[in-house]
Amino acid sequence: MDGTGTEDGTEDRSRSAPPRESWWRRQLPPSPLARSLSVQSILFAVGEGTFITGSAVFFTQIVGLSPAQVGIGLTVAGITSFFFAVPSGKLADRVGTRRTWAVSAFLTSALYLVWPFIHGFAAYLLMMVVLEVVSQAGWSGRGAYTLDIFTREERVESQAFMRAALNIGFTLGALIGGLALATDSDAVVRAVPILTGAILLANAWWITRLPDPPARAVTTHADDATIKPAALKNRAFLALMTGDGVLGTNQVLLNIVIPLWLVEETDAPRVLLAWLFGTNTVMAVLLQVAAARGVDSVARSLRASYISAGFFVLSCAIVLVTHDTLGWLTIFLVWLGHVTVTGAELFQSAGSWGFQSELTDPDQRAEYQGAAHIGHTAGSVWAPALFTWLALEQGSLGWVVIAAIVVVSTLTMAPSARAAERYLARHGSAA
C-alpha cells in the first residue's frame with residue numbers, strides 16, 4: 001500500500017488536500033509589505049478623519065469663517081489640485097516616489113500644527129492651497145509607489161486591503177473627532193489639529209520605514225527620457241480615466257443625493273442616515289478585497305467597471321420608487337439602494353486600480369497618477385450640482401437620466417482602454 005491511501009483502499013483526503021485558510025486569515029493582507037502599508041493607511045486615515053469630523057466647527061468657530069467662505073476655500077483648493085496634479089507627478093518620478101510621499105507626509109503633519117494659529121479668510125485660503133499642493137504631491141508619490149513596489153499580480157488586491165484599512169482608520173478618526181466635539185469646548189476643538197499633526201507625524205515616520213521600490217530598468221536609448229511623450233498626451237488614458245470618474249460619481253449618490261432624497265422626498269426617519277453610512281463602512285471593510293480579487297488585466301478591469309455600472313443603475317431604479325412608498329418598505333428600499341450603490345463603489349475602485357496598474361508607463365508612473373487625477377476630476381466635478389438637481393427637481397425622470405449618463409459613459413471605457421493599450425505599446429515601457 002502506498003502513502004496516499006487508507007487500509008480500506010480509499011483516498012486519504014486529509015493528506016492530499018491543502019488546509020483551508022480560515023475566514024479571519026483571509027481578511028488580513030497577504031504579505032508583510034501589504035500589512036505594513038495597511039497600517040500606514042490606518043495611521044493616515046485616523047489623523048485625517050479626526051480633523052475632518054470637526055472641521056466645520058473648527059473653521060467657523062476657531063478660524064472665524066462663514067460657511068460660504070469654507071466652501072470657497074475648498075473649491076479653490078480643488079482647482080489648485082487640478083493644475084498641480086501632473087507637475088507633482090513629474091516631480092515624484094524625478095526625485096523618487098517614496099521620498100516624495102514621505103516629504104509630503106512630514107510637511108502635511110507640520111501644516112496641521114499651524115492650523116490653531118490661522119485666523120481669517122485670507123490666511124485660511126492660503127493654508128488650504130498650500131496643503132492641497134503638498135497633499136497632491138504625496139498622493140502622486142503614494143499611488144506610483146504602490147504600483148512599483150508590488151508585483152503585477154499583487155497590485156490590485158493589495159490596494160483593496162489598503163482601501164479597507166483606510167475605511168477602518170476614518171471610522172476611528174470620526175469617533176475621536178466626535179468625542180472632541182461632544183466636549184463642547186473651544187479649547188478641545190482648537191487642539192484637534194494638533195492631535196492630527198501628531199498622528200500624521202507618526203504616519204510620515206512609518207513611510208520612511210517602508211522599503212524602496214525596485215530600481216527601474218535602464219532604457220536602451222540614451223535619449224528615451226527626452227522623447228517619451230507626456231502622460232497628458234495619452235488622450236485615450238485621459239478618456240478612460242474620465243469615464244472612470246463618471247462611474248466614480250457613485251460617491252455623489254452615496255454621500256449627497258440619497259441622503260438629501262431621504263430627507264426631502266421620503267417618509268423615512270432621518271436616523272436611517274446613520275445606518276446607511278454604517279452599512280457602507282462595514283461593506284467597504286469586509287467586501288472590498290473580494291470585489292478586487294482577480295482584477296489583474298484590462299479585460300477584468302472592464303468587467304469590474306461593468307458590474308459597477310450595473311449596481312449604479314440598480315441603485316437609481318430602487319431609490320426612485322421610494323418617493324411613493326410608505327413606512328418600512330421605504331426604509332428597506334432606501335437601505336437597499338445604499339447597499340447597491342456601495343457595490344458600485346467597490347467594483348469601480350477595483351476596476352480603476354486595474355486600469356492604473358496595466359495602462360501606466362512604469363517610467364512615468366507618478367505622472368500618470370496626476371493624469372488620472374485630472375481625468376477623474378473632469379468626470380466627476382459637475383456631478384454634485386447636476387445629480388442633485390436631476391433627482392430632487394426632476395424626480396423619476398431625473399434618476400433615469402443619471403443612470404443613462406453612467407451607462408453611456410461606461411460604454412466608452414472599452415474603446416478607450418484598447419486605445420490606451422495601443423498607445424502604451426507604441427510609446428511606453430514594459431509594466
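This is a predicted model: local features need pLDDT of at least 70, side-chain atom pairs count only at pLDDT 80 or more; totals for chains, interfaces and linings use all residues.
The lining itself is made up of T50, F51, G54, F58, G177, A180, L181, V189, V192 and P193. As for volume, the largest cavity comes to about 50 Å³, and the count of cavities of 30 Å³ or more is two.

Let me now turn to a pair of helices elsewhere in the chain numbering, α10, with residues 235–247, and α17, with residues 396–411, whose axes come within 9 Å and cross at roughly 155°. How do α10 and α17 run relative to each other, roughly parallel or roughly antiparallel? Angles over 145 degrees count as roughly antiparallel, and α10 and α17 are therefore roughly antiparallel to each other. The crossing in which α10 passes α17 is left-handed.

Which residues meet where these two helices are in contact? On the α10 side they are G243, V246 and L247, and on the α17 side they are I405, V406, S409 and T410. Taken together, the residues of this contact divide into four nonpolar and three polar, and there is no charged residue among them.

Definitions and conventions. Residues are numbered from 1 along each chain as its sequence is written. Side-chain values use heavy atoms; hydrogens and water are left out. Axes are lines fitted to C-alpha atoms, for helices over the stretch in contact, and angles run from 0 to 180 degrees between N-to-C directions. Helices (H or I, at least four residues) and strands (E, at least two) are DSSP runs, numbered from the N terminus. Angles under 35 degrees count as roughly parallel, over 145 as roughly antiparallel, 65 to 115 as roughly perpendicular and the rest as oblique. A crossing is left-handed if the near helix is turned anticlockwise from the far one by less than a right angle, and right-handed if clockwise. Contact means heavy atoms within 4.5 Å. Ala, Val, Leu, Ile, Met, Phe, Trp, Tyr, Cys and Pro count as nonpolar, Asp, Glu, Lys and Arg as charged, and the others, Gly among them, as polar. On a 1 Å grid over the protein atoms alone, a cavity is a set of points where a 1.4 Å probe fits but cannot get out, and a pocket is an open set with protein on both sides within 12 Å along at least five of seven lines; lining residues have an atom within 4 Å of a point. Grid points are joined across faces, edges and corners, and a volume is the space filled by probe spheres set on the points.
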